[in-house]
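Please open the structure in your viewer and keep the selection tool at hand.

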Amino acid sequence: MRIFSGIQPTGRKHLGNYIGAITQYVALQEAGEAIICIVDLHATTVAYDPARLRSDLYDLAAVLLAAGLDPERCIFFRQSDVLEHAELQWLLMGSTAYGELTRMTQFKDKSAVQEFISAGIFSYPVLMAADILLYGTERVPVGDDQRQHIELTRDVAQRFNSRFGETFVVPEGVIPEVGARIMDLQNPEKKMSTTGGTPQGTVYVTDEPAAIIKKFKSAVTDSGREIRHADDKAGISNLLEILAVIRGTTVGRLEEEFAGAGYGDFKLAVGEAVVDYLAPVRERYTQLRADEDELEQVLATGADKARGVAAQTMTRVRRAMGVGPARAGR
Ligand code: TYM
C-alpha cells in the first residue's frame, strides 16, 4: 500500500502536529510504502523570511527523524527537490474549478489574516493534490483540518481520469478517531496552531519540560468538576484525548481512572505524561539538528527515490494530456 503525507516547515511543530499526523507517519511505515515530504513550496505562499525557512526545514527534518521516521524504511524528502510537484500542479490547474478553490475553508481562514493574498495561497490545494497524486497514493494520514483538501484531491483526480483516461489512483484520507484535532490549551474552542494559536496554549515538540508543565497547569478548563468528555467541556475533552493517545488507551478508561480527581491533579498528570512522551524525541532532536550536512544527505537520498516514482507518473500524465513529445525519452 502506498502512503503519502506532507508537512509544512513553518515555525516550530506542536503537539497537534505530533499527535494528529507525525505519530501516524511513523506507525504507517510498517503498513506499506510510506512517502513523507517536507512541503517547503507550500510555505512560500505567505510572507516569510528565506533564511528562516531553511532553518525551520532543518528543525522539522530533525523532529521527524527523532520521532522515528526511518529513511531506510520510507522515502523522506523535500518537495522543492522534486520538480515534478510544481509541474503537476500546473497541469492539474485545468482540471480544478475556480469555485472549488474559493470554497476551501483554510484559504478563507488564512487569507483573512494576510495583508497580501497571493495566487499561491489560493492554488495551494492544487499543489497538495499534485503531491499526493504523483505517487499513486492510496492512503493519506492527516489531521482533521486537511479533510477538505483530501476531498478536493479526490475530485480533481476523478475529473482528470474521466477527461483524459485512467491516470491517477483516487486516494483516501486516514484521520485518527482520537487526536485528529488537538485544541489550543488556552482557547480550547480553537485548534492548536503555529499561526493562529496562543503562545501559552501551544505545546511545542521541543519545549523544555518545565515549559510543558506550566502550559498544562494553566490550561483553560470549565467551571464544573467532572473529568468527562463532553461537547460543553472542550478543555477537559482535549486533555482526555491527548492523554488517551499518549497512553494508548481510550477516553472512557481515563474517565473511570480520574473519576473524583480534581482538575489541578488531572492537568498535572497530563502535563507529566506529555513530558515523558516528548523527552526522548527532544533528546534525539538535539543530536540530529546539530548536523545539517547529514540532514541534507538524508533528504537528497530521499529525493532521488521520490524522483524515480514521480518521473514515471509524469510520463503518463504528459502523454494523457497531449503535452510534451509523443514518446518518452525524447
Ligand atoms: P501542516 O503542516 O499544517 O500540518 C501537518 C499535519 O498536522 C496536522 N495538524 C493537526 N492535527 C491534530 N491537531 C491539530 N491541532 C493539528 N494541526 C495540524 C495536519 O492535519 C497535517 O496532517 N496542507 C498540509 C501539508 C500538505 C500535505 C500534502 C498533507 C501539503 N501537501 C499532501 C498531506 C498530503 C498542511 O498544511 O499541514
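A residue is called buried when its relative accessible area is under 20%, exposed when that value is over 50%, and partly exposed in between, with a 1.4 Å probe and protein chains only. This is a predicted model, in which local features need pLDDT of at least 70, side-chain atom pairs count only at pLDDT 80 or more, and totals for chains, interfaces and linings use all residues. Residues are numbered from 1 along each chain as its sequence is written, and side-chain values use heavy atoms, with hydrogens and water left out.

**First stop: threonine 202**

Select threonine 202, which lies in the loop between strand E5 (172–174) and helix H8 (209–217); helices (H or I, at least four residues) and strands (E, at least two) are DSSP runs numbered from the N terminus. Is threonine 202 buried or exposed? Its relative accessibility is 1%, so threonine 202 counts as buried.

Next, display the residues in contact with threonine 202, contact being heavy atoms within 4.5 Å. Apart from neighbours within four places in sequence, these are His14, Asp184, Met192, Ser193, Gly197, Asp207 and Lys215. Then select threonine 198: its backbone oxygen is 2.6 Å from a polar side-chain atom of threonine 202. Such a polar contact is a pair of N or O atoms within 3.5 Å; within protein, one must be able to donate a hydrogen and the other to accept it, and residues adjacent in sequence count only if both atoms are side-chain atoms.

**Second stop: the ligand**

Select the ligand and the 28 residues around it, of which Gln8, Tyr124, Asp131, Asp145 and Ile182 come nearest. A residue is near a molecule if one of its heavy atoms lies within 4 Å of it.

A ligand nitrogen lies 3.1 Å from an N or O atom in the side chain of glutamine 146, and a ligand nitrogen is 3.0 Å from a polar backbone atom of methionine 192. Methionine 192 is also among the contacts of threonine 202. Now colour strand E1 (2–7), helix H1 (15–28) and helix H6 (119–133), the elements that give two or more residues to the shell around the ligand.

**Last stop: the whole chain**

Finally, select the whole chain, which has 12 helices and five strands. Its C-alpha atoms fill a box of roughly 70 × 45 × 40 Å along the principal axes. Of its 330 residues, 48% count as buried.
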